[in-house]
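Colleague: I'd like to go through this one with you before I set anything up. Could you bring it up on the screen?

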Amino acid sequence: MATVTNTLIHGLNQQMIETRLNTIDMKPFLFGTYFPVKKVTGFNWQTLTNQVAKRNVAADLHADNGTIIRKRRPVFESAKGDIPYIAISREMTRADMKRYQTERALAKDDDATALVEFWGEDVDFCGIGVQSELEYIAWTLLSNAGVMKFTTTTNATYANEFDLDYDVDDEQKVTALTDWGNKTSADIIGDLVKLREHAKKYGRNPKFAFVNLNELYRISSADQIIKKCSSFAANALGISETPDLETINKMLAKQAWLGGLQLRVIDVDITREFDDKPDITGNPFADHRLILSETDKLGSTQYDILEDENASSCILRAVRSHTVIKKYGTMEPQGEVTIGEADAIPVLDSAYRNLYVRTDKTTWD
């Protein structure tokens with residue numbers, strides 16, 4: 001094991017790392033919008049309680065001296081588990097340090113842009129890597145009806161002790177009556193009406209429909225949607241145009257029996273890097289899925305921070321919310337290590353209120 005030393009980057013200190021970490025643009029990551037970050041005490045996650053309770057259960061009329069009937073409590077009130085440790089690292093090798101030394105010798109001062117990029121890019125890489133994993137978990141979990149398996153394909157290391165399965169009821173996993181990929185026969189609006197009726201039968205009233213970008217393309221290409229979104233004049237002239245998301249949502253808001261339903265599109269790409277096979281890049285939100293939810297706040301990203309009072313004084317450490325960045329040098333082999341880590345996980349609070357829909361005429365396993 002390499003011996004930890006002070007950073008090999010001349011003049012680098014904790015404040016500089018904190019400043020760099022705080023400048024990373026987190027807005028492209030959507031988990032923070034739909035799974036807001038929330039600190040918890042202890043390294044355990046838990047969904048909100050009573051999510052399966054029927055809403056608006058009515059009281060009953062009773063005689064003055066009668067016993068009040070007791071209503072049922074939910075059998076299953078909350079899902080819970082251990083918060084996993086998420087980590088990513090990058091190393092400047094001895095060859096990289098040679099290039100850094102040369103740049104430093106040519107630079108006018110240690111704050112030169114080229115020198116900052118030598119260490120700053122690794123901070124960015126590790127900070128973004130932590131957010132990417134949380135993004136991956138959030139949308140994989142949602143689009144697979146609360147199930148996620150950590151395998152050597154979905155994780156560079158085998159960590160099946162953190163497999164997730166919210167065990168949602170079968171009534172929540174349904175299939176649309178028409179294939180939304182068939183642009184001429186897809187009855188998307190009719191299917192949405194029936195899906196909302198199914199949800200309301202079980203005490204749910206969905207207002208939002210989550211899809212990935214590919215599914216939006218299928219929806220917007222359907223003849224029915226194109227016609228519904230076209231103006232009267234365009235229809236009269238036989239002009240058809242593929243509508244955008246804003247136009248589709250305006251049209252859906254006017255449809256009877258849809259209750260103002262609005263689409264939310266998840267358009268993200270996450271890359272999984274492996275040592276023994278090619279990288280995989282794609283949207284973690286599965287294709288041909290639509291998730292109906294009563295709220296666009298699907299849950300929370302729960303985290304805790306492990307304090308490092310006993311860590312080596314050689315290690316520079318910066319914290320931004322749930323994300324920790326560490327930097328230190330190594331003696332043999334000589335190099336500079338950057339680590340990004342978090343004890344965090346997106347928690348699907350709405351798991352037992354959502355309706356999980358396949359839109360390609362296939363059934364859930």
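Colleague: What volume does the largest cavity have?

Modeller: Bearing in mind that this is a predicted model, the largest cavity has a volume of about 40 Å³.

Colleague: And how many cavities of 30 Å³ or more does the structure hold?

Modeller: The structure holds one cavity of 30 Å³ or more.

Colleague: Which residues line the largest cavity, and how do they divide by class?

Modeller: The lining consists of W180, I188, L192, I219, I225, I248, L252, L263 and L290, and by class that makes nine nonpolar residues, with no polar and no charged ones. Among the elements, α5 (188-201) and α9 (245-253) each contribute at least two residues to this lining.

Colleague: Switching to pockets, how much space lies in the largest one?

Modeller: About 1000 Å³ of space lies in the largest pocket. It is lined by 28 residues, of which A87, I88, N155, A156 and R272 are the closest to the centre of the pocket.

Colleague: Which elements give two or more residues to that lining?

Modeller: Those are β5 (85-92), α4 (113-143) and β11 (270-272), and α4 gives the most, with six residues.

Colleague: What's the split by class for the pocket lining?

Modeller: The lining of the largest pocket divides into 14 nonpolar, seven polar and seven charged residues.

Colleague: Now R218, is that buried or exposed?

Modeller: R218, which is found in helix α6 (residues 213-221), has a relative accessibility of 19%, and because the cut-off for buried is under 20%, R218 counts as buried.

Colleague: What is R218 in contact with, leaving aside its neighbours within four places in sequence?

Modeller: With those neighbours left aside, R218 is in contact with D179, W180, G181, H288, T359 and D360. For T359, the backbone oxygen lies 3.0 Å from a polar atom of the R218 side chain. W180 turns up again here, as one of the residues that line the largest cavity.

Colleague: Last topic, how many aromatic pairs does the structure hold?

Modeller: There are seven aromatic pairs, and one of them, formed by Y34 and F210, is edge-to-face, at 5.2 Å centre to centre with 85° between the planes. Y34 lies in helix α2 (residues 31-34) and F210 in strand β9 (residues 208-212), so this pair ties together parts that are 176 residues apart in sequence.

How values were computed
Residues numbered from 1 in each chain as written. Predicted model: local features only at pLDDT ≥ 70, side-chain atom pairs only at ≥ 80, totals over all residues. Heavy atoms only, no water. 1 Å grid on protein atoms, 1.4 Å probe; cavity = no way out; pocket = protein on both sides within 12 Å on 5 of 7 lines; lining within 4 Å. Points joined across faces, edges and corners; volume = space filled by probe spheres on them. Helix = DSSP H or I, 4+ residues; strand = E, 2+ residues; numbered from the N terminus. Nonpolar A, V, L, I, M, F, W, Y, C, P; charged D, E, K, R; others polar. Buried < 20%, exposed > 50% of the residue type's maximum accessible area, 1.4 Å probe, protein only. Polar contact = N/O pair within 3.5 Å; in protein donor to acceptor, adjacent residues only side chain to side chain. Contact = heavy atoms within 4.5 Å. Phe/Tyr/Trp six-rings, centres within 6.5 Å; stacked < 30°, edge-to-face > 60°.
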